[in-house]
Amino acid sequence: RALEIRAGLLAESPDSITAMQRVATSEGLVGEVLQMRGEDDKALGHYRNAADLHGKILAQRPQDENAQKELASIEAKLDKLANDPKSEDGLRCASS
């Protein structure tokens with residue numbers, strides 16, 4: 001529910017760094033929960049959304065250390081899933 005609300009606020013203010021940060025955080029948390037539940041394919045989508053938002057933040061604020069750290073963390077999760085033989089989507093990503 002929090003993700004829906006935050007995404008709505010981002011839709012209203014698409015250039016808002018604060019809104020992007022909040023949605024990215026929510027996307028990452030949803031991804032973690034889904035990954036813990038074994039729903040890796042769904043987790044990947046949320047992690048990708050988070051990575052995209054952190055990338056947009058860094059495009060506007062290249063020196064933002066928090067965004068750099070968050071993006072690195074999300075990219076590590078994406079890499080782990082992409083290389084996880086248990087993940088069907090991971091196998092597709094790794095073979096492409």
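Predicted model: local features only at pLDDT ≥ 70, side-chain atom pairs only at ≥ 80, totals over all residues.
Does arginine 37 count as buried or exposed, and at what relative accessibility? At 60% relative accessibility, arginine 37 counts as exposed.

View 1. Read along the sequence, the pattern is α-α-α-α-α. Of its 96 residues, 36% count as buried. The protein exposes about 6000 Å², and carbon and sulfur atoms supply 50% of that. Looking at contacts with a separation of 6 or more, 44% are between residues 24 or more positions apart.

**View 2. Inside the largest nonpolar core.** This core has 21 residues, and those with the most contacts inside it are Leu10, Met20, Tyr47, Leu53, Ile74 and Leu78. The largest share, eight residues, comes from α3. Zoom in on leucine 10 and you'll find it touching Ser16, Ala19, Met20, Val23 and Leu53, leaving aside residues up to four places away in sequence.

View 3. Glutamate 32 sits in helix α2 and lysine 77 in helix α4, so the pair ties together parts that are 45 residues apart in sequence. Glutamate 32 is partly exposed, with a relative accessible area of 29%.

**View 4. Arg37, Glu39 and Lys42 in one network.** Glutamate 39 pairs with arginine 37 in a salt bridge, the closest N and O atoms being 3.2 Å apart. The side chains of glutamate 39 and lysine 42 also meet in a salt bridge (3.2 Å, N to O). Through shared partners, these bridges join Arg37, Glu39 and Lys42 into one network. Lysine 42 is partly exposed, at 47%. Arginine 37, at 60%, is exposed, since exposed means over 50%.

View 5. The average pLDDT is 86, and 88% of the residues score at least 70. Among the elements, α3 has the highest mean pLDDT (95), while helix α5 (residues 88-95) has the lowest (44). Over residues 89-96 the pLDDT is below 50, and beyond near neighbours in sequence this stretch has 14 contacts in the model.

How values were computed: Residues numbered from 1 in each chain as written. Heavy atoms only, no water. Core = buried A, V, L, I, M, F, W, Y, C linked by side-chain atoms within 4.5 Å. Buried < 20%, exposed > 50% of the residue type's maximum accessible area, 1.4 Å probe, protein only. Helix = DSSP H or I, 4+ residues; strand = E, 2+ residues; numbered from the N terminus. Contact = heavy atoms within 4.5 Å. Areas by Shrake-Rupley, 256 points an atom, 1.4 Å probe, with all protein chains shown as cover. pLDDT = per-residue confidence, 0-100. Salt bridge = Lys/Arg side-chain N within 4 Å of Asp/Glu carboxyl O.
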